[in-house]
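Subject: Structure handover

Hello,

Here is the structure I promised to pass on. Please open it next to this email and follow along.

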Amino acid sequence: MIEGILIGLNTALSLQNIIIVMIGCFAGTIIGMLPGLGPMTAIALMIPITYGFDPASGLILMAGVYYGAVFGGSTSSILLNAPGVPGTVATAFDGYPMAQQGKAGKALAIAAYSSFAGGTISAIFLLIAAPSLSKISLSFRSPDYFALMMLGLTAVSAFSSKGQFLKAMMMVVLGLMLASIGQDSLSDISRFTFGNMNLSDGISFVLIVMATFAMSEALTIIFRGKDPNRAAKQISLTELGSIKVNKEETIKMAKTIPRSSILGFLIGVLPGAGATIASFLAYGMERNYVSDEEKEKFGKGSVHGLSAPETANNAACSGSFVPLLTLGIPGSGTTAVMLGALLGFGIQPGPRLYQTNPEIFWSVIMSMYIGMVVLLILNLPLIPYIARILAVPRNFLIPLILFFSITGIYLMSFNNFDIYLMIGIAVVATFLRLYEFPMPPLILAFVLGKLIEENLRRSLLISDGSFSFLWDRPLTLIILLITIGIVGWQIYRSLIRK
Amino acid sequence: MRISPTKFISLLFFIFSVFYLYTAHQIVVFTFDENAPFNARTFPIYLGWAGILISGLIIILPEKIKIEVNHKHLDYKSIIYLILISIIYGAVILKIGYFLSTSLFLIASYYFLGERRWLWMFLLSFPFVAIFMFLLHGVLNIYLRDPLLQYLGIIG
């Protein structure tokens, strides 16, 4: 293994590859900040360019773009409450409130440090445990995935409900209902399209997230513009704050990062789970670990609440390379695009990649780490400039957010219908937010909707329509018991509240 | 009797769930799939019942946390203007093209939000959109449909 690491370092640390990774990180950050263009799009855009390089350099460029885009997505989540990809939705929960309090610089710095630490720890795990973890990940069956996703939905409802669990669960059901629109994945039968061809492919994630987060946030700011309390809050938006993280905040991050890294990496290893579930679960887990006083700060700019999802989503990104490199199975959309690129180079990822192309296997792993180092060095000095987005006056910022949201949708479909649908959903979401119906459960349910149905379908078909699959496997049973425990605890809490 | 906004929203969701459940039952599945343990209508039926159950519980159970919104503090006028401008933007974007419609949308939005610094309004509309288009279309090679600029021969 040591020999492999040295081969990887030798390749990744050549001057050409360092320059490539720097360009990749910078380009990825810019692309990731644009709404609707996440890591997957960023990597896809780079594929034609990578074919001009040798395979190792091409993959190094893609690794740089990948991490840059993830960080760029976090930046727009924190500054504009506009997460372009599902993996950074949880970052906005505490990152955006922190930016609203005039600590945008600090929020970006915490995100950068957490991402770096999460990536570093998971890169070490990747080096040590990749082969054995891939075997464990293969032992997960459909019932386990179904239970894991139910746990994710329950956890996100519990932590974002602010004591109104049923409201959060209602949003979960609404999210799943929205995800069910379009063609059934197995039979291709149209559902809830009412004969409208525009709905036959379903509603896109970017449309939902832009409508419920970015656009409805912009409309809410205008809607509550006359509210004296809100107006006072807006003044602080012009303050950028320091990027320095004090001792107390460092201690908080130091506690959060290890546990979120482990969770993120393990979730990332599971095919199909990925950064989204990892970031939501890490947020929920962190809330359970902290003191009651800290718990109250969640959703209002908590350091733990920002650090946990940022650490976990980066750790999950590294984790998702385990099934790709060791088994040839892409665990996420992004790694699926990378698999396509690898095949384009004539490389077949899998157990034999160690033997046939060790320099590629190890240089990808090492370049991922170098990519993170470069990202930290590049982006930290840029944070004060990036954070200046918040200093843009409200009269300019709100139309620009609307413009980015509508452009994101327009670029995807060139279709008026999607724009109208987004405006309609944004208006409904604005009223729902007004009466404190939380949006995060809706988003996660929407993202997981198809996967939940898929896994439920497989489980029920295997068990011939019997729900015994819920308790047949110990792993499924344990995950479901935790889910039931969370629901029970929420009901108990609401009953004892005076 | 005054119904609270939360319960009213839940009532609307209850009605929506009943409609959703009814529509789920109307999904036509293949004949050989009719009696399968899982078909295209199974999951939506579960969701319909879940929606009815949860919204029903919110309506029935006492409301422990009351959300009060002072409607006098809500700026209905600006939000209606913004939504109308967005709808018009959506309607014309394919006809007059991305560049012109987006620039006009931005200028109109700035104006209705009370902005009167015309130089900034101009800079953050036409030149800003042009740079943005160059980034997407010229640098990243992302196709932007713009019949007007194509007609003028500015983009291919």
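Start with the overall form of chain B. Its radius of gyration is 25 Å, whereas a compact globule of 156 residues would have one near 15 Å. That radius is taken over C-alpha atoms, and the globule rule is 2.2 Å times the number of residues to the power 0.38.

Two notes before the rest. This is a predicted model, in which local features need pLDDT of at least 70 and side-chain atom pairs count only at pLDDT 80 or more, while totals for chains, interfaces and linings use all residues. Residues are numbered from 1 along each chain as its sequence is written, and chains are lettered from A and ligands numbered from 1 in the order in which they are written.

**Chain B**

The C-alpha atoms of chain B fill a box of roughly 60 × 55 × 25 Å along the principal axes. Chain B has seven helices and zero strands. From the N terminus on, its elements read α-α-α-α-α-α-α. Helices (H or I, at least four residues) and strands (E, at least two) are DSSP runs, numbered from the N terminus.

Buried residues make up 28% of the 156 residues in chain B. Buried means 20 or more other C-beta atoms within 10 Å of the residue's own; exposed means 12 or fewer; partly exposed is in between; C-beta atoms are placed from the backbone.

Now contacts. Two residues are in contact if their C-beta atoms, placed from the backbone, lie within 7 Å. Take the contacts in chain B between residues at least 6 apart in sequence: 63% of them join residues at least 24 apart.

**Where the chains meet**

How many residues does each chain give to the contact? Chain B gives 54 residues and chain A gives 51. On the side of chain B that touches chain A, the elements giving two or more residues are H1 (5–26), H2 (42–60), H3 (76–96) and H4 (98–112). The largest share, eleven residues, comes from H3(B). By class, that side of chain B has 37 nonpolar, twelve polar and five charged residues. Here Ala, Val, Leu, Ile, Met, Phe, Trp, Tyr, Cys and Pro count as nonpolar, Asp, Glu, Lys and Arg as charged, and the others, Gly among them, as polar.

H3(B) packs with H9(A) at an angle of about 145°, with the axes 8 Å apart. Axes are lines fitted to C-alpha atoms, for helices over the stretch in contact, and angles run from 0 to 180 degrees between N-to-C directions. Leu219(A), Ile222(A) and Phe223(A) in H9(A) meet Ser78(B), Ile79(B) and Leu82(B) in H3(B). Five of these residues are nonpolar, one is polar and none is charged.

**Inside chain A**

Stay with H9(A), which also holds Ala211(A). Is Ala211(A) buried or exposed? Ala211(A) is buried, because 25 C-beta neighbours lie inside 10 Å. Leu421(A) is 210 residues from Ala211(A) in sequence, yet 8.8 Å from it in space, C-alpha to C-alpha. Leaving aside neighbours within four places in sequence, Ala211(A) is in contact with Ser216(A), Met422(A), Ile425(A), Ala426(A) and Ala429(A).

Met422(A) turns up again in a helix pair. Ser405(A), Ile406(A), Ile409(A), Tyr410(A) and Ser413(A) in H19(A) meet Asp418(A), Ile419(A) and Met422(A) in H20(A). This contact has five nonpolar, two polar and one charged residues. The axes of H19(A) (394–413) and H20(A) (416–434) come within 9 Å and cross at roughly 145°.

Finally, look at two loop residues. Phe192(A) is not a glycine, yet has a positive phi of about 55°. Phe192(A) lies in the loop between strand S2 (190–191) and helix H9 (205–223) of chain A. It counts as partly exposed because 18 other C-beta atoms lie within 10 Å. Asp464(A), also not a glycine, has a positive phi of about 55°. Its loop runs between helix H21 (440–462) and helix H22 (469–472) of chain A. Asp464(A) is exposed, with 9 other C-beta atoms within 10 Å.

Best wishes
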